[in-house]
Amino acid sequence: MRAVLQRVQKGSVTVEGKIIGEIGRGIMVLFGMMESDDKKVIEYMLDKVINMRIFEDEAGKMNLSLLDIKGELLIVPNFTLYGDARKGRRPGYSSGASPQKARDIFEQLVEYAKTLPIQKVATGEFQADMKVEIINDGPVTILLDSEKNF
């Protein structure tokens, strides 16, 4: 599983002109899935996201997590995180999960996130044409990979 995590002042996802998910201060995270992703990977990745110390404390140091600030979480599926652009000019997506497997993993990811002590969990829509709006705070953007490739 791969994730692009962004600290935001606010964020929203719109599908067909309707806002389907929105948050205030917190983290917007794009998730891409692999066929081999399982419950252990889901738990690992969400633990990293919600405990990542990227929010400033009273001294201005990034020492606080999403849990510490009682922030909100916006989860957006994004298969293009597994785009391989090393050859040619058109990315290949063969290392990502098949659409049905990715949907199952995404649904498990969202269900698990909703069991965590997070103020609010909002989501995008799997396989939809989404418009994602954020105000990136910092900007702070972190790349995560369950296989620790980066």
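**View 1. Strands β1 and β2 pair side by side in the antiparallel sense.** In this predicted model, strand β1 covers residues 2–15 and strand β2 covers residues 18–23, and five bridges join the two. To find one of these links, look for Thr 14, whose bridge partner in β2 is Ile 19. Between the two strands sit two residues, which makes the pair a hairpin. Glu 16 belongs to this turn and has a positive phi of about 50°.

**View 2. Gln 6 sits in strand β1.** Is Gln 6 buried or exposed? Its relative accessible area is 15%, which is under the 20% cut-off, so Gln 6 counts as buried. The side chain of Gln 6 makes a polar contact with the side chain of Thr 141, at 3.2 Å. Leaving out residues up to four places away in sequence, Gln 6 also touches Gly 26, Ile 27 and Met 28, as well as Ile 134, Asn 136 and Val 140.

**View 3. Ser 12 is another residue of strand β1.** Here the relative accessible area is 9%, and Ser 12 is therefore buried, as the value is under 20%. Which residues does Ser 12 touch, not counting those up to four places away in sequence? They are Ile 19, Gly 21, Glu 22, Leu 74, Lys 131, Val 132 and Glu 133.

**View 4. Asp 137 is part of strand β8.** With a relative accessible area of 19%, Asp 137 is buried, because the cut-off for that word is under 20%. Setting aside neighbours within four places in sequence, Asp 137 is in contact with Arg 7, Val 8 and Gln 9. Now look for Gly 26: Asp 137 and Gly 26 are 111 residues apart along the chain, while their C-alpha atoms are separated by 9.2 Å.

**View 5. The largest pocket holds about 360 Å³ of space.** Of the 20 residues in its lining, Pro 77, Asn 78, Phe 79, Thr 80 and Gln 127 are the closest to the centre. Which elements each supply at least two residues of the lining? They are β3 (26–32), β6 (72–77), α3 (99–113) and β8 (130–145). Sorted by class, the lining of this pocket has 15 nonpolar, four polar and one charged residues.

Terms used. Residues are numbered from 1 along each chain as its sequence is written. This is a predicted model: local features need pLDDT of at least 70, side-chain atom pairs count only at pLDDT 80 or more; totals for chains, interfaces and linings use all residues. Side-chain values use heavy atoms; hydrogens and water are left out. Two strands pair if DSSP finds at least two bridges between them. Helices (H or I, at least four residues) and strands (E, at least two) are DSSP runs, numbered from the N terminus. Buried means under 20% relative accessible area, exposed over 50%, partly exposed in between (1.4 Å probe, protein chains only). A polar contact is a pair of N or O atoms within 3.5 Å; within protein, one must be able to donate a hydrogen and the other to accept it, and residues adjacent in sequence count only if both atoms are side-chain atoms. Contact means heavy atoms within 4.5 Å. On a 1 Å grid over the protein atoms alone, a cavity is a set of points where a 1.4 Å probe fits but cannot get out, and a pocket is an open set with protein on both sides within 12 Å along at least five of seven lines; lining residues have an atom within 4 Å of a point. Grid points are joined across faces, edges and corners, and a volume is the space filled by probe spheres set on the points. Ala, Val, Leu, Ile, Met, Phe, Trp, Tyr, Cys and Pro count as nonpolar, Asp, Glu, Lys and Arg as charged, and the others, Gly among them, as polar.
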